[in-house]
Amino acid sequence: MKTSHRSPGRSRHAGLQPASAARAQEPLSRELLLLLAGLAALGALATNIILPALPAIGADVGASVAQLGATLGSFFLAFALGQLVVGPLSDRFGRRPLVLAGVLVFVAGSALCAAAATLPQLVCGRVIQALGVCATAVLSRAIARDLFDGAALARALSLIMVAMAAAPGFSPLLGTAITRWLGWRATFALVALLALLLAVHYLLRLGETHAADRRGALSFAATARTYRQLLRDRRFIAPALSASLVIGALYAFFAMAPAILMAGFGFSPLELGCLFAATVFVVFGAGLMAPRLAQRWGLARAARAGLALALASGIALLAGPAQAGFFCAALTGFLLGMGLVNPLATACALQPFGAQAGAASALLGFLQMGCAAAAVFLGAALDGSAQAALGLILCTSLTLALGIFVLRGPAPAAH
């Protein structure tokens with residue numbers, strides 16, 4: 001039987017209910033963590049796996065690589081906006097129907113992409129893909145918040161964040177191999193198959209995690225009110241915006257690294273892919289450290305340490321020499337800091353809002369995608385050295401993230 005209580009913050013934020021401190025938690029098993037990580041990573045995998053295939057796709061559908069940028073832009077836009085709808089729907093109707101519906105929509109979009117003969121058909125398929133997979137990304141965090149509190153929540157979110165960072169690292173290598181052996185259309189078949197396998201595992205492993213007595217009303221006014229209250233609540237917006245600025249810096253790296261490493265340092269495409277894959281292990285190590293540091297120091301202090309490390313690395317990148325070894329060392333420091341702060345700041349943002357975990361996760365995802373788009377656009381607009389531009393973006397984003405996080409409200413109590 002679940003019990004709940006109201007924290008002192010309840011009277012100041014009507015409608016935003018804090019998490020239950022006394023409810024029994026789901027055992028934090030490896031199987032469950034891998035399931036949540038898979039749901040979270042599916043969107044990043046679907047985005048990056050097609051990047052090596054863009055020349056082949058363009059030849060088949062009669063579009064240039066530049067025109068194929070519409071397949072990425074449309075995916076990000078639909079992904080960002082779709083989250084704002086999926087989150088409140090899951091708070092009203094539960095996680096399970098939204099996850100399963102999202103997987104079915106994603107599979108339908110993948111099938112349309114695989115069969116596309118023209119660029120408009122491909123863009124349409126990508127939009128449908130994004131509208132489906134945004135549900136798994138949002139709800140992986142919401143399900144984690146349904147099931148866990150405190151240190152267990154930080155550990156679960158750490159693995160989810162590692163999976164979301166790993167997918168961009170490994171998927172280009174996977175996409176290269178699939179395109180070379182089976183053709184670019186097989187990449188869409190592969191992600192559809194993986195989505196179906198995840199759905200089956202989800203059905204067998206988890207029941208509904210959002211209890212009926214915790215569900216809120218569904219209306220445009222109620223949804224707008226929930227988002228407005230979250231945006232005005234420092235317990236949410238400060239750590240959420242900090243985590244989003246860090247994610248924006250990460251996407252800036254993925255967008256600008258090819259120019260720095262290939263044009264600047266003479267890396268081959270294979271070497272670039274291997275470096276991207278190596279970043280996964282750095283983030284994975286940070287993800288293992290994050291919950292342990294949170295237990296020892298607390299969520300807020302550990303997150304501040306991650307922000308400070310990432311900022312120091314950004315300053316080094318901006319001020320340091322344009323050398324491959326130095327760049328990789330500074331990048332390692334940034335990834336370690338990012339891998340620490342992202343799950344911990346996310347846990348800080350979601351912990352006080354268990355009853356609105358879907359809406360909070362959706363708004364967090366929207367902020368992350370917005371910061372990512374802004375950072376990538378800024379990187380493309382800046383003149384001069386690509387390494388200096390990346391260093392400037394990292395320094396600016398991380399200085400803002402650290403300042404905002406330091407000014408946040410009281411940390412949620414550990415459970």
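Of the 415 residues of the protein chain, 55% count as buried, where buried means under 20% relative accessible area, exposed over 50% and partly exposed in between (1.4 Å probe, protein chains only). The model is predicted: local features need pLDDT of at least 70, side-chain atom pairs count only at pLDDT 80 or more, and totals for chains, interfaces and linings use all residues. Residues are numbered from 1 along each chain as its sequence is written, and side-chain values use heavy atoms, with hydrogens and water left out.

The accessible surface of the protein chain is about 16500 Å². Carbon and sulfur atoms hold 69% of that surface. Accessible areas come from the Shrake-Rupley method with a 1.4 Å probe; for residues, only the protein chains shown count as cover.

The secondary structure comprises 14 helices and 0 strands. Helices (H or I, at least four residues) and strands (E, at least two) are DSSP runs, numbered from the N terminus. Along the sequence the pattern reads α-α-α-α-α-α-α-α-α-α-α-α-α-α.

Two packed helices are described by the angle between their axes and the distance between the axes. Helix α9 (residues 234–264) packs against helix α14 (residues 386–406) at an angle of about 170°, and their axes are 8 Å apart. Therefore α9 is roughly antiparallel to α14. Axes are lines fitted to C-alpha atoms, for helices over the stretch in contact, and angles run from 0 to 180 degrees between N-to-C directions. Angles under 35 degrees count as roughly parallel, over 145 as roughly antiparallel, 65 to 115 as roughly perpendicular and the rest as oblique.

On the α9 side, the residues that meet α14 include Leu-241, Leu-245, Phe-253 and Met-256. Their partners in α14 include Leu-390, Ile-393, Leu-394 and Phe-405. By class, this contact of α9 with α14 has 21 nonpolar, 3 polar and no charged residues. Here Ala, Val, Leu, Ile, Met, Phe, Trp, Tyr, Cys and Pro count as nonpolar, Asp, Glu, Lys and Arg as charged, and the others, Gly among them, as polar. Gly-264 also lies in α9. Gly-264 is exposed, at 53% relative accessibility. Its C-alpha atom is 8.8 Å from that of Gln-387, 123 residues away along the chain.

The largest nonpolar core has 131 residues. A nonpolar core is a set of buried Ala, Val, Leu, Ile, Met, Phe, Trp, Tyr and Cys residues joined through side-chain atoms within 4.5 Å. Ile-57, Phe-148, Phe-236, Phe-253, Phe-334 and Leu-390 touch the most other members. Helix α9 gives the largest share of this core, 16 residues. Beyond four places in sequence, Phe-236 touches Leu-230, Ala-349, Phe-353, Ala-360, Leu-363, Leu-364 and Leu-367.

Three further positions are buried. Ala-40 lies in helix α1 (residues 30–48) and has a relative accessible area of 2%. Not counting residues up to four places away, Ala-40 touches Thr-136, Ala-137, Ser-140, Ile-160 and Met-164.

Ser-110 is part of helix α4 (residues 95–115). Ser-110 is buried, at 1% relative accessible area. Its contacts beyond four places in sequence are Gln-129, Phe-188, Val-191 and Ala-192. Ala-199 belongs to helix α7 (residues 185–205) and is buried at 10% relative accessibility. Neighbours within four places aside, Ala-199 is in contact with Leu-100 and Val-103. Ala-199 and Gly-102 are 97 residues apart in sequence and 9.6 Å apart in space, C-alpha to C-alpha.

Notes: Contact means heavy atoms within 4.5 Å.
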